[in-house]
Amino acid sequence: MHTKQDFLSQLASLGIDPHGTLMVHSSYKAIGEVEGRGDTVSTH
């Protein structure tokens, strides 16, 4: 199961600016099981 910290760590390893804006389009089926579902991968 993926967690919010998993996603944050992976984005940091790619050099993504944590204070910037990133838009990603994917399906849950492609990602796999996500703890918290949409609330984990969507922030405002």
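Does Met-1 count as buried or exposed, and at what relative accessibility? Met-1 counts as exposed, at 60% relative accessibility. Exposed here means over 50% relative accessible area, buried under 20%, and partly exposed in between (1.4 Å probe, protein chains only).

The model is predicted: local features need pLDDT of at least 70, side-chain atom pairs count only at pLDDT 80 or more, and totals for chains, interfaces and linings use all residues. Residues are numbered from 1 along each chain as its sequence is written, and side-chain values use heavy atoms, with hydrogens and water left out. The predictor's confidence in each residue, pLDDT, runs from 0 to 100. Its mean for the protein is 82. A value of 70 or more is reached by 93% of the residues.

The secondary structure comprises 3 helices and 0 strands. The order from the N terminus is α-α-α. Helices (H or I, at least four residues) and strands (E, at least two) are DSSP runs, numbered from the N terminus. Among the elements, H1 has the highest mean pLDDT (90) and H3 the lowest (71). Where pLDDT is low, the predicted coordinates should not be read in detail.

Along the principal axes, the C-alpha atoms fill a box of roughly 25 × 20 × 15 Å. Of the 44 residues, 7% are buried. The protein exposes about 4000 Å², and carbon and sulfur atoms supply 55% of this area. Accessible areas come from the Shrake-Rupley method with a 1.4 Å probe; for residues, only the protein chains shown count as cover.

Met-1 sits in the segment before H1. Its contacts (heavy atoms within 4.5 Å) are Asp-6, Glu-33, Val-34 and Glu-35, leaving aside residues up to four places away in sequence. Met-1 and Val-34 are 33 residues apart in sequence, yet their C-alpha atoms are 5.6 Å apart in space.

A nonpolar surface patch is formed by Leu-11, Leu-14, Ile-16, Leu-22 and Val-24. Together these residues have about 450 Å² of accessible area. Patches take residues with over 30% relative accessible area and no salt bridge, joining like charges within 9 Å and nonpolar side chains (Val, Leu, Ile, Met, Phe, Trp, Tyr) within 5 Å. A salt bridge places a side-chain nitrogen of Lys or Arg within 4 Å of a carboxyl oxygen of Asp or Glu. Leu-11 belongs to helix H1 (residues 4-13). Leu-11 is partly exposed, at 31% relative accessible area.

Gly-38 lies in helix H3 (residues 38-41). Gly-38 is partly exposed, with a relative accessible area of 22%.
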